[in-house]
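Colleague: Before I plan anything around this protein, I want to know what lies behind the labels. Can we go through them one at a time?

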Amino acid sequence: MDNSSMQNIKPKKEINYQFKIMYVIGIVDILMAHTRATEFLFLNETIHCASYMIAIFVFVSGYFYNAKSESNIPAYISRKFLKLIIPLYLWNLFYALVILVLERFGFSFGGQVTVKRVLLSPMTGAHLMSFNDPAWFIVPLFVTEVYNVCVRKVVSKFSSNKTDLGLLIFHFLVGFAGVAMAEKGLNKGWWLFLTRFMYFIPFFSLGYFYKNYLEKKDTLPSFWYFSIILAVALMIILVYGHASAYSIVIMDENFFENPVLPFVSGILGVAFYLRIARILTPVIGRSKMLNVVADNTFSIMMNHILGIFILKALFLLACKFLPMLPEFSMELFKNDIAYIYLPRGRGFPLLYVFFGAFIPIVMQKVILMVKKFFCK
């Protein structure tokens, strides 16, 4: 092979399997939280999933931020807009149409479909188009990424450990202020748009700081590492009487116990599963199934409510032919998107978790096949 041919060969991009596992942990936690399956989560009563599951995704996004993006900010923002905002609004429109069709069959999911709701709900609402409600996180993540690249461009001439540490400290102060603002009632409409972003930016900044300064120093033996995390978590329970859990989508009253606590709890969860992911990497890091889930977390986040809805519809059909099944509530099925039918209780939430992941993965595969067909 001549030199020119060798120059044309691009080096293989190294895959970070530890962070793929982090993606899977984050999305499984969200699926379990939305299907009443949190009882199956490890140590959930000590480090509650609602304190860290969004923080994981924001932290990982910050970890993968590339400072080279600062050399062409418009291109970076354009790429993020195409990757996040355009799909968000396409799905929002799609599910608006789904709701309109379902309304003809007697379904009613949280309010009238209007142009204003389709356009504004991703930015200022706690609910989008019901089926894609979990996609609320996309706008604050996009705003966080735009803010981050612009701020780092401004301070890049002072690029040093002290600058990055100072920025990290400042961002946590911003986060504390966001919680304090929510406590004062500034968690509605455009204020919610702002306070959610203020919650995101510390974890994004922490992910970047961890990769560049802390990861190489993260060598504490696992026994002491986990002991410290659990000791702090138990101290929180002793002081407050429960493990911290938050609804970031509405910046709810649980935030108001202490403006610092949501970030302490989030860091505990991220740190705990960061080490768990590292331990699991040589064991399951290259698992094909795990990597399929990790590579489709966007689709799962956007569409898992539809997967859950499809399983409920199958249960409805099964109830007509299997008399041993307990009664299915048609009223709740038609009027409450969060309704979970649990025949005989235990175990069935995990089936919802499976459908919540499987259906979106299939949807994404179909979309890619269609794109490939039309882009030949």
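Modeller: One caution to start. This is a predicted model.

Colleague: What does Gly-26 touch, not counting residues up to four places away in sequence?

Modeller: Gly-26 touches Met-53, Ile-56 and Phe-57. Gly-26 and Tyr-273 are 247 residues apart along the chain, yet their C-alpha atoms are separated by 9.2 Å.

Colleague: Why is Asn-44 called buried?

Modeller: The cut-off is under 20%. Asn-44 is at 5% relative accessibility, so Asn-44 counts as buried. Asn-44 sits in the loop between H2 and H3.

Colleague: And Thr-38: why is Thr-38 called partly exposed?

Modeller: Partly exposed lies between the buried limit of 20% and the exposed limit of 50%. Thr-38 has a relative accessible area of 24%, so Thr-38 is partly exposed. Thr-38 is also found in the loop between H2 and H3.

Colleague: How do you know what Thr-38 is in contact with, leaving aside neighbours within four places in sequence?

Modeller: Contact means heavy atoms within 4.5 Å. By that rule Thr-38 is in contact with Met-32, Ala-33, Asn-44 and Cys-49. Asn-44, on the same terms, is in contact with Thr-38 and Cys-49. As for reach along the chain, Thr-38 and Pro-349 are 311 residues apart in sequence and 8.9 Å apart in space, C-alpha to C-alpha.

Colleague: Now cysteines. How many disulfides are there?

Modeller: The rule asks for a pair of cysteine sulfur atoms within 2.5 Å. The count comes to zero disulfides.

Colleague: Cys-49 and Cys-319: buried or partly exposed?

Modeller: Cys-49 is at 1% relative accessibility, so Cys-49 counts as buried. Cys-319 is at 21%, so Cys-319 counts as partly exposed.

Colleague: What makes a set of residues a nonpolar core?

Modeller: The members must be buried, of nonpolar types, and joined through side-chain atoms within 4.5 Å. The largest such core has 108 residues. Met-22, Phe-59, Phe-131, Trp-136, Ile-138, Tyr-199 and Phe-200 touch the most other members. Apart from it lies another core, of five residues, among them Met-181, Phe-197, Met-198 and Ile-201.

Colleague: What does Trp-136 touch, not counting residues up to four places away in sequence?

Modeller: Trp-136 touches Ile-54, Pro-122, Leu-128, Arg-196, Phe-200, Ile-248 and Val-249.

Colleague: What lines the largest cavity, by class?

Modeller: Five nonpolar, five polar and no charged residues. Helix H9 (222–240) and helix H10 (261–284) each supply at least two residues of the lining. Among the lining residues are His-48, Ser-51 and Leu-268.

Colleague: How much space lies in the largest pocket?

Modeller: About 1600 Å³. The largest pocket is lined by 38 residues, and Tyr-23, Phe-64, Lys-80, Lys-83 and Thr-297 lie nearest its centre. By class, that lining has 19 nonpolar, nine polar and ten charged residues. H4 gives the most to it, with seven residues.

Colleague: And what is the volume of the second largest pocket?

Modeller: About 840 Å³. Of the 32 residues that line the second largest pocket, His-34, His-127, Asp-133, Pro-134 and Val-249 are the closest to its centre. The lining divides into 19 nonpolar, eight polar and five charged. H12 gives the most there, with three residues.

Key: Residues numbered from 1 in each chain as written. Predicted model: local features only at pLDDT ≥ 70, side-chain atom pairs only at ≥ 80, totals over all residues. Heavy atoms only, no water. 1 Å grid on protein atoms, 1.4 Å probe; cavity = no way out; pocket = protein on both sides within 12 Å on 5 of 7 lines; lining within 4 Å. Helix = DSSP H or I, 4+ residues; strand = E, 2+ residues; numbered from the N terminus. Nonpolar A, V, L, I, M, F, W, Y, C, P; charged D, E, K, R; others polar. Buried < 20%, exposed > 50% of the residue type's maximum accessible area, 1.4 Å probe, protein only. Points joined across faces, edges and corners; volume = space filled by probe spheres on them.
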